[in-house]
Every structure is written in C-alpha cells, then in structure tokens.
Amino acid sequence: MPDATFDPVAATEALLASVAPDALARSDAYFEGGYWLLLWGTLVSVAGAWALLHFGWAARMRAFAERASGRPWLVALLFAPAFIVASTLLELPWSIYADFVREHQYGLATQNFAEWIAEAGINLGVNVVRLGLAIAGLYAVIRRAGRAWWAWAGAGFIVFAAFAVAIAPVFIEPLFNDYASLEPGPLRDDIPSLARANGIPSDDVFVVDASRQTTRISANVSGFLGTTRIALNDNLLAQGTPAEVRAVMAHEMGHYALGHVPTLLIQLGLLLGVGFLFADRVFSALHSRFGARWGLRGLGDPAGFPILYGALAVFLLLATPVWNTIIRTQEAHADLFGLNAAREPDDFASTALKLSAYRKLAPGPIEEALMYDHPSGRSRILMSMRWKAEQRGAGAPSGVSVRAPARRDRGRKVGWIEP
C-alpha cells in the first residue's frame, strides 16, 4: 500500500536542490543555447541550398551526371553524392562551431580537432551511401507517382529507415567505436536476465568505448529484424553504480518491449509525408519564379533537390514541437517500464541528475512541451518518487538517495540514445 509519510514532491525538490547553482546555470545556458542552434542550423541549410541553385552548381552537377549516363535513375544516383559532398562542405564551418567549438566551450567534448574531422569524414562517407540511395529512391518515386509522390515518399521512408535501423549495429556503429562483451560479473548476469524476462532476444551485453568521444552516459537496445543488440557505453559503467546501470538498461529495454522502433518509424514516415507535401508546394512556387534562372526542368529534375532539401529543413524546424512530443511520449513510457522492471527509483532519479550536466533540469511546462525530446530531469525524478511512494509497501527501496551528478560529462553522442 502507498506510504502516506513519503512526499514525492518534497523528495524531488531535495534531489534538485543537490545540484550546485553554478553547475545548474551552466547546463541551463548550454541547453537553452541549443534552441538557437535549431534556428541557425536551419538558416545555414537553406543558405547552402540557395547557393547551390543561385550559382548554378546544382545544374552543373546534374549535367555532369547526364554526361555519364542518360538513364534517369542513374542520373539521380550520380547527382546525389555530389550534392551531399557539396552541401556538407558549405555547412562545414557551422558544423565545426556547433559540434566542435561550442562543445569544447562548455567542456562537453573530448576529441581533438583531428579526431573530430576524421570522424566527420567517415560520417560523410556513410551519408554518401545511405542518403545517396535515399535521394535516388526519392526521384524514382517522383517519376512514377506523379503529384502523389509526397505520400509514397513518406511510406518509402518507413521501409528505408527500417532497413537502416537493422544494419546500423552491424555495419555503421562499429565504424565509430569498438564493441566488446561486458566482463563477467553481477551486471553481466543481471542485464541478460532482465532482457530475457522482458522478451528481448539477446544473451550478450556489449560495452562501447564512447569515452574516446564523450563522457556522457548512454545505452541502447538497437537493431531490428534479427540484429537486436544490448549495449551500454563505458562512461555509464564508470560513472554509474550497478543499480543505476540496471535502471538505465531497463529503460532502454522498454523501448524494445513496447515496440517503439516500428511505431516511431511509422510516425516519422507520416510526419515526413506532410513535410514532403510542404516541400512540393514550396518547389512549385519557387520553380515558377526562378526555375529558368536556376536551370531547372521540373520536379523530376535532380538539380531541383536543393529546393526540397531547404523546404524540408524549414518544415522540420516548424514541426519540432510535434516531433519532440512523439519522442518525449515514448521516453516517458520507457521510463515507467524501466521503473517497473528494475525497481530502482532512487537510482533512476540520480541518473536524471547526472544528465543535468548538459540538460536543463527544471524547465517551465510550455518550454518542456515544445522543446524537450525527453522528459525533463524534474519530470523524471518526480515520476520516480511517485512510483516509489506507491510501491514502498511492495518492497521498493525506502531511503532517498541524494547523489550529486557527475560534473565532467563531456563530449558528444555518436548515434546513441541517452536515457
């Protein structure tokens, strides 16, 4: 039965008060600055797209592809890598600031510039392949589906993304980090047992050397259609107690057990379908006015892809609250699943405090609803304390563990889901 003497709100406030004011102000500034990064990043993408069109570079890249082959599908396939490389180079100064300089300014990065740029090069190579195929596929859809291309493109994204999720643990993630089985010990027994109890088909647990890039704690249950893999980064092992590790892993298992991956792919496909419709309307307006000047022939001309790219960037900025709500809802469900599976409310709460090194702990309700793709630290701690209050009579831990969050969480995540 519930414990009437335990006040979840008071326990939450006690935990929040354990964070030093200067550390809290620093994480707030970092996180709030990220709002402006969304805006400026979109403007940079639009400016790059405009440059490719205005200076005729996109039309020249299309002409080069046509000289190599007259087949429409091959023209799109050859155009796509040229566009990806060109847009990446145009946006590189912004990427250096946003992903390297600013991260170092806030003490959140561990790589030197040579290491960072080397990984950026690997990522560019990956994007040339996967995004190149996606762009070529998009133009195949446009040629065959006509004015309804945007709906078919949204559906096609779901299939393409499912394939990408399935191959990522095997072919992409190892390009950036090394994976090794978790060493024998209590956690090596506890985590697979927890997975089996919740229907996750994996008997091994991998540790990834994320400390080469970051000191942020992270874990995931990645893969799809037979490639499922349970992994946690070495920072979580170094910074977390065994109970905190179990709490985080139970949360990540919740994403798998609750079917979040296929659900998320469908929701994102529907959202992008609307985004493609928005891009279609923007293309029609700009092509009628500037198409001849930019050397564009119509919607099926790959040289017009910068318009679609820029329009999608604007749409995704405008749709940020919708996308954040979709993700945040799934994360809240996984939080509750993890609490019920691991039964570690204090340790899940203390993990939320650790994340305050780079996440604003206590936003206002409107700010959280619009700008947070995870529940805030306050929301997660309060959920944990309410769970604890209701479960005290059922054997849940009885003490409030007030742990100071780690203050040396530096770096950036590379394709990882943070708890």
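Predicted model: local features only at pLDDT ≥ 70, side-chain atom pairs only at ≥ 80, totals over all residues.
View 1. From α2, the residues L38, L39, T42, S45, V46, A49, L52 and L53 touch P306, I307, Y309, G310, A313, V314 and L317 of α11. Sort the residues of this contact and you get twelve nonpolar, three polar and no charged. The two partners are helix α2, residues 21-54, and helix α11, residues 305-318; their axes come within 8 Å and cross at roughly 170°. An angle over 145° counts as roughly antiparallel, so α2 is roughly antiparallel to α11. As for handedness, α2 goes past α11 in a left-handed crossing.

**View 2. Helix α9 against helix α12.** Here we're looking at α9 (residues 242-257) packed on α12 (residues 320-342), with the axes 7 Å apart and an angle of about 125° between them. That angle makes α9 oblique to α12. This time the crossing is right-handed, as α9 passes α12. On the α9 side you'll find R246, A247, A250, H251, M253, G254, H255 and A257, and they meet Q330, E331, A334, D335, F337, G338, A341 and A342 in α12. The residues of this contact come out as eight nonpolar, five polar and three charged.

**View 3. The kink in α10.** Helix α10 covers residues 260-294, and its end C-alpha atoms span only 43 Å, whereas a straight helix of 35 residues would span 51 Å at 1.5 Å a residue. Look around S288 for the bend: a kink of about 60° is centred there. Then, just after α10, comes G295 with a positive phi of about 75°.

**View 4. α12 from end to end.** How far apart are the end C-alpha atoms of α12? They sit 32 Å apart, which agrees with the 33 Å that its 23 residues should span at 1.5 Å a residue.

Technical notes: Residues numbered from 1 in each chain as written. Heavy atoms only, no water. Axes fitted to C-alpha atoms, helices over the stretch in contact; angles between N-to-C directions. Helix = DSSP H or I, 4+ residues; strand = E, 2+ residues; numbered from the N terminus. Parallel < 35°, antiparallel > 145°, perpendicular 65-115°, else oblique. Left-handed = near helix turned anticlockwise from the far one by under 90°. Contact = heavy atoms within 4.5 Å. Nonpolar A, V, L, I, M, F, W, Y, C, P; charged D, E, K, R; others polar. Expected span 1.5 Å × (residues − 1). Bend = angle between axes of the 7 residues up to and from the residue.
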